[in-house]
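Me: I would like to learn how to read a ligand site in a model like this one. Please take me through it step by step.

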Amino acid sequence: CFCQLQGRIDDCSCNVDTVDHFNNVKVYPRLRSLLTKNYFRFYKVNLKHDCPFWTDDSRCAMKYCHVEACQEEDIPPGLKGGAKSPKLMADHGAEKYSESANCNDDYNDELGYLNTTISAKAEEDFALWTAHDAQDNFCDVNENDSDAEYVDLLLNPERYTGYRGKSAHRIWHSIYMENCFRPQNSYSSYIHSDLLNGMCLEKRAFYRAISGLHASINIHLCAKYLLSESSGISLTSPKGEWGPNLEEFKSRFSPDNTIGEGPNWLRNLYFLYLLEIRALAKASPYLQREEFYTGDEAQDWDTQLAVKDLLSVIKKFPDHFNESIMFSGGTEANKMKYEFKQHFRNITRIMDCVGCDKCKLWGKLQIQGLGTALKILFSGKFDQEYTAPYLQNKHKKDFQLERTEIVSLINSIGRLSTSIYELDEFRLMLR
Ligand code: FAD
């Protein structure tokens, strides 16, 4: 079977079947349950931003692209800001609540960074960047965005929406051609795996991560394909029967149909999974202390236990992605990190151009989740194992993740974990 991948996962120290077992038996069931908890279920997102790169795309009219709004009364009081966590108030100070950290005020705004390609004045920008030294974030995180709204992720599952054609291709094309690093003289939107070996590890990793995310999104739409429509569909709550579509899966990932790259795209999914799992392991001392506050004491306690249980499983799995060998080696490495970050930030902004709200919701969430993983891995702020007394010193804010970062990271890992699980289901069907 073409999707029965064998051997080591590229740029990691682990075999595919080891990950399959670890994920399908240990991680997937835990995440599945954890992600139904209120803390992780409600995600605050702005789906109304204009596309900063082009204006000629019409919005998707497909009914399955619609995002169902959250009823005000469904949102837990602790998330609405009505009730404050006493522990957080004591830990972080009241000012966190009066004026949340606005990461929009950093570099992007100062430079008016609007191009889809990396700017020609990169040297100048880089100098400014190092001078500012405030570039931990790979995404703009603004919890106080007045246009952001809570979305109930369980009400709006990621699945087939019918979004395709020119608009979807323009997004992927722009990501791969203009915002991924590329080998010289390669003109197709995908990069043939042979060419990847001629690129440095950081550039390969960037491409593999995006390709892994793309593979994951496409696996979901195959696994939750629209099999039949019911009559009486309304725009706001379309009904239908959703389930796996093996032919769709084969047409996307079989080497016979996809210039031979399908299985490599699946391998990239495993790469991304290991990268995000490593970030979770690295942030686990921090996450173990989180309150996961929603205002419902019993549920918050449950969530804390479920997170600790997940983290204990993750910590027992050896790290197979080694971030310490990336971006090491002085100014050149720093420059590479800077470019890496700018490319990634551009991709976060391209998400505002996605012409299907449901796809945009999950695209934004997963890109933010990946951005959070990169921040944990590469900002240096999570490198030290810190202990409780250390947390209490003046650096405690350095270790802070916004709620939305935690929610997007865990949900993103949930998406990747589900993809790996669904891949196994497809394997069984193919047998
Ligand atoms: P596409 O998936 O559009 O791919 C374009 C080209 O990229 C391919 O021809 C191939 O050369 C290359 N390629 C394909 N896969 C990979 C890979 N893994 N790595 C590297 N290169 C690759 N549709 C839904 O039904 N539900 C969703 O939730 C959804 N979410 C989306 C989110 C985003 C951010 C985007 C941009 C699109 C989303 N879509 C979604 C659309 C979906 O991803 C496809 O674009 C669409 O189904 C059309 O598929 P396609 O076969 O034409 O190839």
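**Reading the ligand shell**

Me: How many residues surround the ligand, and which are the closest?

Reply: In this predicted model, the ligand is surrounded by 24 residues. The closest are A168, S211, W265, C359 and G363.

Me: Which helices each supply at least two residues of that shell?

Reply: A shell can be read by the elements that build it. Here α8 (165-179), α10 (201-223) and α16 (357-378) each supply at least two residues. The most comes from α10, which gives six residues.

Me: What is the make-up of the shell by class?

Reply: The shell around the ligand has 13 nonpolar, seven polar and four charged residues.

Me: What about H214: where does H214 lie, and is H214 buried or partly exposed?

Reply: H214 lies in helix α10. With 18 other C-beta atoms within 10 Å, H214 is partly exposed. Not counting residues up to four places away in sequence, H214 touches W172 and W265.

Me: Where does UniProt place the feature "active site"?

Reply: The unreviewed UniProt entry puts "active site" at C356 and C359. C356 is found in the loop between α15 (330-350) and α16, whereas C359 is in helix α16.

Me: Are C356 and C359 buried or exposed, and why?

Reply: The count of neighbours is used again. C356 has 24 other C-beta atoms within 10 Å and is therefore buried. C359 has 25 C-beta neighbours inside 10 Å, so C359 counts as buried. Leaving aside neighbours within four places in sequence, C359 is in contact with C65, T161, Y163 and V354.

Me: How do the axes of α16 and α18 cross?

Reply: A helix pair is read from the distance and the angle between its axes. The axes of α16 and helix α18 (residues 403-430) come within 7 Å and cross at roughly 105°. The two helices, α16 and α18, are therefore roughly perpendicular to each other. On α16 the contact is made by L365, Q366, Q368, G369, L370, T372 and A373, and on α18 by E405, S408, L409, N411, S412 and R415. By class, this contact of α16 with α18 has four nonpolar, seven polar and two charged residues.

Me: How many helices and strands are in the protein chain, and what share of residues is buried?

Reply: The protein chain has 18 helices and four strands. Of its 431 residues, 35% are buried. Among contacts in the chain with a separation of 6 or more, 81% join residues 24 or more positions apart.

Conventions. Residues numbered from 1 in each chain as written. Predicted model: local features only at pLDDT ≥ 70, side-chain atom pairs only at ≥ 80, totals over all residues. Near = placed C-beta within 6 Å. Nonpolar A, V, L, I, M, F, W, Y, C, P; charged D, E, K, R; others polar. Buried ≥ 20, exposed ≤ 12 C-beta atoms within 10 Å, placed from the backbone. Contact = placed C-beta atoms within 7 Å. UniProt positions renumbered as here; feature names shortened; annotations may be inferred. Axes fitted to C-alpha atoms, helices over the stretch in contact; angles between N-to-C directions. Parallel < 35°, antiparallel > 145°, perpendicular 65-115°, else oblique.
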